[in-house]
Each structure stands twice: as C-alpha cells, then as structure tokens.
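Colleague: I would like to learn how to read a model like this one. Could we go through it feature by feature?

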Amino acid sequence: MTTSTNGKFDRTPLIAGNWKMNMDHVQSITLLQKLAWTLSDARHDFKRVEVAVFPPFTDLRSVQTLVRGDDLEVAYGGQDLSEFDAGAYTGDISGQFLSRLGCSYVLVGHSERRTIHGESDETLNAKVKAAFRHSLIPVLCVGEGLAVRQAGNHVAHTLGQLRADLAGLPAEDAARLVVAYEPVWAIGTGEVAGPADAQEMCAAIRAEIADLYDDAVAAGVRLLYGGSVKAANAAAILKERDVDGVLVGGASLDVAEFANIVRFEHHLVTD
Ligand SMILES: O=C[C@H](O)COP(=O)(O)O
C-alpha cells in the first residue's frame, strides 16, 4: 500500500461498493461487466486506485466466474461472515466459503448488521478474527447514530466500538485492516458528513490504532468514509489526509456514478 496519488495519500485508495440486498446473480454480472467496461474505457489504473464490490452472497460465484474469465482487476467480498468456521449455524456463511470463492474482503459490523440483526461488539470482534483466520481482509464498519452525534459524543462512541471490535487482534493482522467510518445518520439519507467531519473521525481512529498498536500499524490501516457518497462529494472527502477511500451504498448501483467516484482524482481541485 504505497501508492501516492494526490500528494497526501501514502496508502492505495480503496473505492468500495456495497450493493446491500440488491442485484440477483444475473443482474450482478451485467452491473459488473458495465463497470469494468466503463473503467477500462477510461483507462483506469486499478493499482493506483483499488476498486472492490460487495455483492449479496448468492452472486459471489457468478462474480468470481466473470472476474476470472475476463481477467478483471476488480476485487470483491462478502457483506458479512460467521464468527464460526463450520457447524450447525443455519443461514450463516463461513469465511472459509468466501475465501474459496476468491473474496479478498468482507464487511464486518455494518450498521445494518448492528441495528437490524443486533450484532454486538463481542460478536464483531469474533468476526474480525474469523476473517483473518480465512485470509480475508475485514472492512470493519464503525460510527454513531444521530442522537450520539447531537450529544457531541461521536468520537468517544466510535472509538469505543473500534477498541471493542479489535480486542486481542494481533498487530500483524491489524496492520492489514480496513476501517470504514459510517455515521448512521448519513447512510441512505442524502445527509453527508462534511469532509472535515470525515477527517476528524478518521484522524481520531488512526490515533487510536497508534495507541493500541504503534505508528507503523496505524500508518498501514486504510480508513474509509461511508454515508451518501456520490460523485459530486467524493473528491472533497477523499482529499482529506486520513481518508483513504469510500464505502458507497446506493451510488454503487449506478455504473456511471460509481465509475466517477472511482475516478475521483480527475475531480480533485488542487489547493
Ligand atoms: O455501506 C454503505 C453505506 O451504508 C452507505 O450507504 P449509502 O451510500 O447508500 O448512504
């Protein structure tokens, strides 16, 4: 992770699309093919700005077949994984299965998992460790709800989640981690945290990781912002020093919009 892009990054930016519960396996092929064509037409350099998509579980085999067949450079991952490796856990998906399907990443602790499915920090800590056990890089999602933000407790709340979710994680794993800061009040609402808000939290997360581990680990961790990211606001957010990428929900289902987010460097305004 040593790519330099706008003079501020020393980590390869990661533009990630979380498709959530959208796109069946047939639709997933069309979406990914169009995205690959659009980026290829634009001569996108995937080594300079990494692109990953997070389709539903049922799409992953089709995505793998397309990526391998067409030699695409798009990475992909699951939207969740079990804390367990195998056994009587009906409906759950082992990290081993994701790894076998060629996944590089897995989302852990998305706010929709925390709120709708009641996943605790204890469970998420086990899921982070399960991901590394199966050679997957977890994209650990943290962030506060509206009431916490309004009370001014957003930094303490988010860092509390981070500490609990990383408890006992060895430094060599932590150094490969991706953390996504997603203020819950900005997800799917059209409300977007400003670049300064994203930077404030990402800087706090990096400082916390340096405290938990050391500066070298903190320097390697990539930090993403998520919450109503669009092509129109992505470049300003990505310009911030500690923001290394974005986790995009709704806009990742629109090929032109997502491709423009991936090509954010072309929208950067130099100081
Ligand atoms: O995982 C993505 C986030 O939940 C953001 O979703 P959104 O871009 O639709 O607000």
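Colleague: Which domains does the domain assignment give?

Modeller: Domain bounds come from an automatic or database domain assignment. Here the assignment gives domain 1 (1-104) and domain 2 (140-247). Residues are numbered from 1 along each chain as its sequence is written. This is a predicted model, in which local features need pLDDT of at least 70, side-chain atom pairs count only at pLDDT 80 or more, and totals for chains, interfaces and linings use all residues.

Colleague: What separates the centres of domain 1 and domain 2, and how many residues does the contact take from each?

Modeller: Taken over C-alpha atoms, the centres of domain 1 and domain 2 are 21 Å apart. Two residues are in contact if their C-beta atoms, placed from the backbone, lie within 7 Å. Domain 1 supplies 10 residues to the contact and domain 2 supplies 11 residues. On the side of domain 1 that touches domain 2, there are six nonpolar, two polar and two charged residues. In these classes, Ala, Val, Leu, Ile, Met, Phe, Trp, Tyr, Cys and Pro count as nonpolar, Asp, Glu, Lys and Arg as charged, and the others, Gly among them, as polar.

Colleague: How do I read a pair of helices?

Modeller: Two packed helices are described by the angle between their axes and the distance between the axes. Helices are DSSP runs (H or I, at least four residues), numbered from the N terminus. Axes are lines fitted to C-alpha atoms, for helices over the stretch in contact, and angles run from 0 to 180 degrees between N-to-C directions. For helix α7 (residues 154-166) and helix α9 (residues 195-212), the axes come within 10 Å and cross at roughly 40 degrees.

Colleague: What are α7 and α9 to each other, given that angle?

Modeller: They are therefore oblique to each other. Angles under 35 degrees count as roughly parallel, over 145 as roughly antiparallel, 65 to 115 as roughly perpendicular and the rest as oblique. The contact involves V155, T158, L159, L162, R163 and L166 of α7, with M201, A204, I205, E208 and L212 of α9. By class, this contact of α7 with α9 has eight nonpolar, one polar and two charged residues.

Colleague: Where does α5 meet α7?

Modeller: In α5, D121, L124, N125 and V128 meet Q161, A164, D165 and L166 of α7. By class, that contact of α5 with α7 has four nonpolar, two polar and two charged residues. The axes of helix α5 (residues 121-133) and α7 come within 7 Å and cross at roughly 55 degrees, and α5 and α7 are therefore oblique to each other.

Conventions: Helices (H or I, at least four residues) and strands (E, at least two) are DSSP runs, numbered from the N terminus.
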